[in-house]
Amino acid sequence: MAPESRPQRAPGPPELAKQRPGLLSGRTRTTARGRHLDGTTGDSRALGEHERLLHYLHAYGGLIALQVLHVRGPLEPDRVAEALAWLQRQHPMLRAHIRYGGLVFRDKAPFVYRQPYLETAGTTAIPVRVMTGDWEEVMAKELRTPLPRGKNPRIRVVIVRDPINDELSHLVVTADHTTLDAYSCNMMSRQLLEYLADPRAKQAETPQHLGLPPPLEAGMPVKPRSPKPYEPAIRLPRQRETRQVGDAVEQAGGGGGGGGDGVDVERRLHAERR
């Protein structure tokens, strides 16, 4: 008698996630402000859609944030490095690098990509280079050179000594737009100059931000849905104007009432366009 056959399951795709943890699942190796495998503590989160696009543009050299500070007075590289280290302790984004995790599959382009993550554990110090030359040439070169991958932060600094004026130096700050925009870069530069002016006072400050900020999408305010349909036109305010019409003077517009002899400027302009 033949042995009883049992139904067999159809073979599925290879379970690569079990063989190599995190490859397809896209899981991080740590939770927010948790302990990493190397014993250090840090923060980690996935890049949002806007941040991922900015990061990709930066990698291809299409969108590089840059700021130049012209400083008069002694500017020692060790003091600048000390100030940047203090800034990294104050702001988690400045001590975050980008690592790539598991594969993400989508039904639209790009159909497959590796999910990038911001991670603070193991990030190196902000690199500082010192050179003498034309700061505009340095700026032009920095604008064409994206930040490399790895555990380096998404920012670098070049101190350019002025070849003519010994008292003048130029700080060229280059960053990934995922980390800094114009407003936050101005804030960082102000704090950097404040530290250089009075290091002891700034060292006494307690860090206000302990974890990475949420993605850009999480910070966008939700727009309320208006019952009024969208009209692609400029809405002019009600106003009073005086113009000459033949031999008469016409008074147009009025206050907020909209009644009486007031004329709606917007409707009148619309009629003139027709």
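Biologist: Which residues does L171 touch, not counting residues up to four places away in sequence?

Modeller: This is a predicted model, in which local features need pLDDT of at least 70 and side-chain atom pairs count only at pLDDT 80 or more, while totals for chains, interfaces and linings use all residues. Residues are numbered from 1 along each chain as its sequence is written, and side-chain values use heavy atoms, with hydrogens and water left out. Leaving aside residues up to four places away in sequence, L171 touches Q67, V68, L69, V71, L75, V80, V157, V158, I159 and L192; contact means heavy atoms within 4.5 Å. L171 also belongs to the largest nonpolar core, which has 23 residues, and together with I155 and L192 it touches the most other members. Such a core is a set of buried Ala, Val, Leu, Ile, Met, Phe, Trp, Tyr and Cys residues joined through side-chain atoms within 4.5 Å. Buried means under 20% relative accessible area, with a 1.4 Å probe and protein chains only. Two or more residues of this core come from each of β4 (64–72), α3 (77–90), β8 (155–161), β9 (168–176) and α5 (182–197). Here helices (H or I, at least four residues) and strands (E, at least two) are DSSP runs, numbered from the N terminus. Another core, of six residues, lies apart from the largest one and includes M93, A96, L118 and L212.

As for a sheet in this model, three strands form an open one in the order β3-β6-β5, with antiparallel pairing; two strands pair if DSSP finds at least two bridges between them. β3 (44–46) and β5 (97–105) each have a single partner strand and stand at the edges, so one side of each is left without a neighbour in the sheet. Three bridges join β3 to β6 (residues 112–119), and A46 stands opposite Y117 in β6.

Note on methods:
Buried means under 20% relative accessible area, exposed over 50%, partly exposed in between (1.4 Å probe, protein chains only).
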